[in-house]
Amino acid sequence: MKRLKVGMISFAHGHAHSYLKSLLELPEVEIVGIADEKSSRVEAVVSKHGLRYFADYRELLKTDADAVVICSENVNHAAQVIAAAEAGKHVLCEKPLGLSVAEMERMIEVCETNGVQLMTAFPCRYLAAVAKAKRAVDQGEIGEILAIKGTNRGTAPGGWFTDPSLSGGGALLDHTVHVMDLMNWFTGSKVTDVYAYCNTLFHEGLEVDDAGMIHVKFANGTIGVLDTSWSRPKSFPTWGDVTLEIVGSKGHLSIDAFAQSNMLYSDSLGKGVSTYYGDPMDFYMVRAFVHALLAGESVPITGLDGLRSTEVALAGYRSVKQGESVAIS
C-alpha cells in the first residue's frame with residue numbers, strides 16, 4: 001500500500017484533535033510527528049499515540065514528511081505555509097487561510113512555485129445536507145440561484161481567538177469564512193461588493209467583535225447575506241449552527257447542516273446536551289486531502305478557495321470602518 005507521511009504543525013486550533021483522529025483512522029497515512037512551541041498543548045496526544053514531538057516546526061519540515069496539517073493561530077498561517085512549501089511539503093491549512101490578500105496570494109504563489117498543493121480546511125462541504133443540496137443545485141433542480149442567506153452563530157471560543165494580534169479579527173472573520181466558502185461553491189461566482197456591520201454585543205471586555213452581518217453581491221448577480229456571530233451562550237446545547245436558504249428561479253432549498261442530532265435533557269447535567277450523529281465532516285475532508293495527494297490529483301478545496309472566502313471577511317472590516325459598501329477586485 002502506498003502511504004502518505006504527514007506531520008502536524010500546532011494544536012492551537014481545537015480542530016487539530018479531530019484532524020489527528022482522522023489521520024489515525026486512515027491506514028494509508030503515517031504520522032511523522034507533531035510540532036508545537038507549547039508542549040503542553042500536545043503532550044497528551046504525543047504520549048497517547050507514541051508520536052515524535054518537535055518544539056520547532058522547522059525541525060519537522062526537515063523530516064521526510066510528504067505533507068503537513070497546520071492548525072496554528074491565524075497570524076502564523078502564512079509563514080508556516082510558505083516554509084512548508086519551500087521544504088517541498090503539501091499543506092492542509094486551517095481557516096482562515098491568511099490575514100491579508102497579499103499574504104494569501106504569496107502563500108499560493110510559493111506553493112505553486114515549489115510544486116506542492118495547498119488545501120484550505122473547509123470541512124462543511126462534506127456535511128451530508130450540504131453535499132446533497134450542492135448536487136441538487138448542480139443538476140438544475142432549483143434553477144438559477146437568485147439569492148442566498150446563511151448563518152454561522154456559535155459560542156465565543158475564547159483564548160487566542162479574542163486576541164486580535166493572533167486572530168486578526170473576531171466573529172466576522174472567524175464565522176464568515178466557512179459559510180462564505182459554501183456560498184462561493186454553490187454560486188460558482190466571485191463576490192464583487194461587500195457591505196458589513198460588526199460590533200461587540202454579547203461579551204463585555206472583548207477586544208474583537210462578537211457579532212456581525214455581511215451582505216454581498218456576486219459577479220453573476222446573486223445577492224447574499226450572512227449572520228455571523230459568537231452569540232450562543234455557554235449553556236447552549238450545541239457550539240452553534242451552519243444554515244443556508246437558497247432561492248432559485250425554479251425552487252428553494254433550506255439547509256440545516258447540523259440537524260442530525262439527539263437531545264438529552266438531564267437534571268444532573270443542568271442543561272440540554274446535543275449529540276451529533278451525522279457524517280464525520282472532518283474525516284471526509286482529511287481523507288479527500290490524503291487521497292488526492294496519493295493519486296496525484298488536485299486537492300478539492302484550494303488555496304484560492306481559501307482566499308476567496310477570507311477576502312470577503314477582510315472587505316467586511318473595511319466596510320465597517322468606512323461605513324459603506326466596498327468593492328473587491
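Keep in mind that the model is predicted.

Start inside. In soluble globular proteins, nonpolar side chains tend to be buried together. Here, the largest nonpolar core has 35 residues. Phe186, Val194, Leu244 and Ile246 touch the most other members. Several elements give two or more residues to this core, among them helix H6, strand S8 and helix H11. Helix H9 gives the most, with five residues.

Look at Val194. Beyond its neighbours within four places in sequence, Val194 is in contact with residues including Ile214, Val216, Val312 and Ile328. There is also a second, separate core of 34 residues. Val45, Val46, Leu51 and Ala121 are included in that one.

Now the surface. Tyr197, Leu201 and Phe202 form a nonpolar patch, with about 320 Å² of accessible area together. Tyr197 sits in strand S8. Its relative accessibility is 42%, so Tyr197 counts as partly exposed.

Next, charges. The whole structure holds 16 salt bridges. Glu25 and Lys21 make one of them, at 2.6 Å from N to O. Lys21 is exposed, because its relative accessible area is 52%. Glu25, at 43%, is partly exposed.

Go to helix H11. Arg308 and Glu311 lie there, three residues apart, about one turn of the helix. Their side chains meet in a salt bridge at 3.4 Å, N to O. Arg308 is partly exposed at 28%, whereas Glu311 is buried at 6%.

Last, a network. Within it, the closest N and O atoms of Asp241 and Arg232 are 3.5 Å apart. Asp241 is buried, at 8%, and Arg232 is buried, at 17%.

Technical notes:
Residues are numbered from 1 along each chain as its sequence is written. This is a predicted model: local features need pLDDT of at least 70, side-chain atom pairs count only at pLDDT 80 or more; totals for chains, interfaces and linings use all residues. Side-chain values use heavy atoms; hydrogens and water are left out. A nonpolar core is a set of buried Ala, Val, Leu, Ile, Met, Phe, Trp, Tyr and Cys residues joined through side-chain atoms within 4.5 Å. Buried means under 20% relative accessible area, exposed over 50%, partly exposed in between (1.4 Å probe, protein chains only). Helices (H or I, at least four residues) and strands (E, at least two) are DSSP runs, numbered from the N terminus. Contact means heavy atoms within 4.5 Å. Patches are made of residues with over 30% relative accessible area and no salt bridge: like charges are joined within 9 Å, nonpolar side chains (Val, Leu, Ile, Met, Phe, Trp, Tyr) within 5 Å. Accessible areas come from the Shrake-Rupley method with a 1.4 Å probe; for residues, only the protein chains shown count as cover. A salt bridge is a side-chain nitrogen of Lys or Arg within 4 Å of a carboxyl oxygen of Asp or Glu.
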